[in-house]
Amino acid sequence: MRMHHFDCIIRGGTVATAADTFTCDLGIQDGRIAALGHNLGSADEVLDVSGKLVLPGGIDSHVHFAQPSGPDIVMADDFESGTRSAALGGNTTVLPFCLQEKGHSLREALKVYHAKAEGQCYVDVSFHLIITDPTDQVLGQELPALIEDGYTSFKVFMTYEGLALSDREILEVMAVARETGALVMVHAENYDAIRFLTDRLERLGKTAPQYHATSRPVPVEREATHRAISLAELVDVPIMIVHVSNREAMEEIRRAQMKGLKVYGETCPQYLVLTERDLEGLNMEGAKYVCSPPPRDEASQQACWEGLQQGVFSVFSSDHCPFRYNDQQGKLVPKGRTSFRWVPNGIPGVATRLPILFSEGVLKGRIDLNRFVALTSTNQAKTYGLYPRKGTIAVGADADIAIWDPERRVTITHALLNDGSDYTPYEGREVTGWPVMTMVRGSVVMRDGDLVGEMGQGIYLPRERSRLAQAFS
């Protein structure tokens, strides 16, 4: 057999995919995995990773970077800092959201958003669309054309000023997805109920950040989850319910799945390790944990683990949505002191998603390594039209690889994460298992916590239609 010469050989590691765990070497050529085996021959660079895990790079399919966040508020991460932090956390692809602002076209929004990303990315990116203004023009012309161009998923909100769609509007958007084979993602909370509860709390003088959680209790999320599923059932279209926080919403999704509906679920680290008590910090400290849905309680954490274990949730994302804490354009916006309703919603987490799930999930025996890979990479690739190019270790796939030291003990501090925020909600948390190298299409971007890649080496990825939606198109 003729010996090959590769650009790089990764030698001696334990390789895991969503299906298998095995020991072999990887040969990388022209940014792709060219061979799996033993005695692969020579290479320009040989990386000895004995004792380490060789995993598909993480795909974080729910992040917010450089997103317009209303007057006087600035998101903490642009594409440079967001993708840099993603690489440090073992990720090789991220899917941020391009927000259509009311009165503007989707094409306009994309033009602006692409300009923000151009040349700024350390890892690969692809955009979901957020539909806020589903005009006849958007639904009839723009959206179908954009889906053809590879923007194959979009998100609708059932809450938030300026973002919330009516049920009728959601049905219209779903109908376009039905015709085109796109995937609809839904933020499921009941807008009227939240406004009603918020007004009542303010009248009672209950305005501190902790009351953010009180204003969006479980029934608000459960009802909207049930309604989103019912609307999707009417249109006969697959949907992804994002960032599920509790048992009741999880069980709505499971019930739909047991009926044979194409309903998928996502949860996030904050729902596994934080609780609403974190919002009770002194002064405004609780604002650091204000996100929607809010973290709940220990029983809800357990329910979210069950959702991951039982396949009710097929993807695990960060919902990274960063605002600086000690900043008048961030969490400490002056109006926020008058009421929780003005505190920007969202927490940073793109770098901490994988270590938290690895430590709490794999090492504590809640999930196995293969499910970890599925939940953090493979299922994202299949769900959002990137598979098999992304999300697995197989011949012909992009060489998007994260090398993990499964025994490395780390105390999470903000300084490690190299993002644009000034805090992490997971400060001081101990984890075991940490990514020590991130490779994007064969180029090393992060090594031992240091950024070694070039800004701009991440590319934009047009996507195929979702494998979840294909049966319908």
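A crossing of two helices is left-handed if the near helix is turned anticlockwise from the far one by less than a right angle, and right-handed if clockwise. The views below come from a predicted model, in which local features need pLDDT of at least 70, side-chain atom pairs count only at pLDDT 80 or more, and totals for chains, interfaces and linings use all residues. Residues are numbered from 1 along each chain as its sequence is written, and side-chain values use heavy atoms, with hydrogens and water left out.

**View A. Helices α11 and α12 cross right-handed.** Helices (H or I, at least four residues) and strands (E, at least two) are DSSP runs, numbered from the N terminus. The axes of α11 and α12 (residues 369-383) come within 9 Å and cross at roughly 150°. That makes α11 roughly antiparallel to α12. Axes are lines fitted to C-alpha atoms, for helices over the stretch in contact, and angles run from 0 to 180 degrees between N-to-C directions. Angles under 35 degrees count as roughly parallel, over 145 as roughly antiparallel, 65 to 115 as roughly perpendicular and the rest as oblique. From α11, Arg353, Leu354, Leu357, Phe358 and Val362 meet Leu369, Phe372, Leu375, Thr376 and Gln380 of α12. Contact means heavy atoms within 4.5 Å. By class, the contact of α11 with α12 has seven nonpolar, two polar and one charged residues. Ala, Val, Leu, Ile, Met, Phe, Trp, Tyr, Cys and Pro count as nonpolar, Asp, Glu, Lys and Arg as charged, and the others, Gly among them, as polar.

**View B. Helix α3 packs against helix α4.** The angle between α3 (residues 136-148) and α4 (residues 167-180) is about 45°, and their axes are 10 Å apart. The two helices are therefore oblique to each other. The crossing of α3 and α4 is right-handed. Leu139, Leu143, Pro144 and Ile147 in α3 touch Glu172, Val173, Val176 and Thr180 in α4. By class, this contact has six nonpolar, one polar and one charged residues.

**View C. Arginine 216 and glutamate 189 form a salt bridge.** A salt bridge is a side-chain nitrogen of Lys or Arg within 4 Å of a carboxyl oxygen of Asp or Glu. By this rule the count comes to 33 salt bridges. In this pair, the N to O distance is 3.0 Å. Arginine 216 sits in the loop between α6 (211-214) and α7 (218-235), and glutamate 189 in the loop between β13 (183-187) and α5 (191-203), 27 residues apart. Arginine 216 is buried at a relative accessible area of 7%, and glutamate 189 is buried at 0%. Buried means under 20% relative accessible area, exposed over 50%, partly exposed in between (1.4 Å probe, protein chains only).

**View D. Arginine 341 pairs with glutamate 202.** The salt bridge spans 2.8 Å, N to O. Arginine 341 lies in the loop between β16 (313-316) and α11 (353-362) and glutamate 202 in helix α5, so the pair ties together parts that are 139 residues apart in sequence. Arginine 341 is partly exposed at 34% relative accessibility. Glutamate 202 is partly exposed at 26%.

**View E. Aspartate 398 and arginine 389 belong to a salt-bridge network.** The network links Arg32, Asp124, Arg389, Lys390, Asp398, Asp400 and Arg441. Aspartate 398 and arginine 389 meet at 2.7 Å, N to O. Aspartate 398 is buried, with a relative accessible area of 3%. Arginine 389 is partly exposed at 33%.

**View F. Glutamate 252 is found in helix α8.** The helix covers residues 247-258. At 11% relative accessibility, glutamate 252 is buried. Leaving aside neighbours within four places in sequence, glutamate 252 contacts Arg222, Thr225, His226 and Ile229.

View G. Most residues other than glycine have a negative phi, and most peptide bonds are trans. Proline 293 lies in the loop between α9 (270-273) and α10 (298-309). Proline 388 is in the loop between α12 and β17 (401-411).

**View H. Aspartate 30 and asparagine 418 have a positive phi.** Aspartate 30 has a phi of about 55° although it is not a glycine. Its place is the loop between β4 (25-29) and β5 (32-37). Aspartate 30 is exposed, with a relative accessible area of 64%. Asparagine 418 also has a phi of about 55°. Asparagine 418 is in the loop between β17 and β18 (430-440), and is partly exposed at 34% relative accessibility.
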